[in-house]
Amino acid sequence: MQTLSTTSLQIRDNQLWVLDQQALPQKKIWCPTPDVASLVEHIKTLRVRGAPLIGLSASLLLALLAEQGMPRAELAEALETLRASRPTAVNLMNNLDRMKLVLTQDNYATALTEEALRLVAEDKTLCDNIADAGSTLIVPGSRLLTHCNTGGLATAGVGTALGVIARGWQQGKVASVWVDETRPLLQGGRLTAWELGELGVPYHLICDSMAASLMAQGKVDAIWVGADRIAANGDVANKIGTYSLAVLAQYHNVPFYVAAPHTTLDRHCPDGSAIPIEQRAASEVTGVAGSFGDVTWAPEGAQVYNPAFDVTPASLISGWVLDTGVVTPEQVTAGVFQPRV
Ligand code: MRU
């Protein structure tokens, strides 16, 4: 396969390499990803993370395995193993459905490579379109708040919600960004802070629990988050903590926007209650782990509840910014995300 390079994925020497997002920002480590087991491990440990990136990495690996001569039946099995690596982000399923269709072709090896590269190229364009559409909603002088990480690290392009924020900054409309640290895995504190720093966008890192008082003080002009799955009624699954921000936003009259590509849309999922929510290890809550070391503070045997995502009901969302443009609550109520007939 041709060489390829995004913020967090590379193809070199016919091999997939992923940037270890658990080691960032302290260390920049590129991990070789020669087989399905290694990618599943990277995805489960969140070295590879973010809804679009998971789907793209799985598609690229399948294409490489096909080029290396893996037979069709084994590729089909590999595809299903990758599909099961994380349950909530539907981009993985949507991308793999496209790869599965291509796998039925006679020249499937060449066709899988073309399809995987097309998915990467498309994702870049989707991100740009989201950034263009979303930045029109940013009022000059805005202080924006974001949660988790939705930037170039999580996509093949400029990102989704963070791409909107960066575009708004380039247009001179963003005054500063409040970055939720995003417990338990600190995607905000480690990744979004790092990406904004690289882009030169002024930000303040805050603990998740500080967002409420900032809104009460009138210091948040809008909230921008990404999505892992958007249901047909507009409900959105995203990183745990997103729902509480949406409730706070409504109480304080702060616009709450969701930015995502159409590959995050699940028209067959009627509402948020049907979205599978990943439950994760207790150790993520009893302490922290990372390139800075491992710390445990909870007493031994502490019982833990650790869902990775929550669901924000459509009624709390001011607008869904897709690559196709801004979708309003009225359009969602009228059924714009419902299955097409
Ligand atoms: O568990 P993660 O880090 O994969 O969760 C990521 C998020 O919740 C993002 O907001 C979402 O995937 C959108 S990334 C463009």
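Me: How many bridges join strand β3 to β4?
Reply: This is a predicted model, in which local features need pLDDT of at least 70, side-chain atom pairs count only at pLDDT 80 or more, and totals for chains, interfaces and linings use all residues. Residues are numbered from 1 along each chain as its sequence is written. Strands (E, at least two residues) and helices (H or I, at least four) are DSSP runs, numbered from the N terminus, and two strands pair if DSSP finds at least two bridges between them. Strand β3 (residues 15–19) and β4 run antiparallel, and the bridges joining them number four.

Me: Which residue in β4 is the bridge partner of L16?
Reply: The open sheet has four strands in the order β1-β2-β3-β4, with antiparallel pairing. Its edge strands, each pairing on one side only, are β1 (4–5) and β4 (30–33). In β4, L16 has as its bridge partner T33.

Me: Is D228 buried or exposed?
Reply: D228 lies in the loop between β8 (222–225) and β9 (229–231). A residue is buried if 20 or more other C-beta atoms, placed from the backbone, lie within 10 Å of its own, exposed if 12 or fewer, and partly exposed in between. Because D228 has 30 C-beta neighbours inside 10 Å, D228 counts as buried.

Me: Which elements give two or more residues to the shell around the ligand?
Reply: The ligand is surrounded by 18 residues, the closest being R49, A51, A154, G226 and K239; a residue is near a molecule if its C-beta atom, placed from the backbone, lies within 6 Å of it. The elements that give two or more are α2 (51–67) and β10 (236–239).
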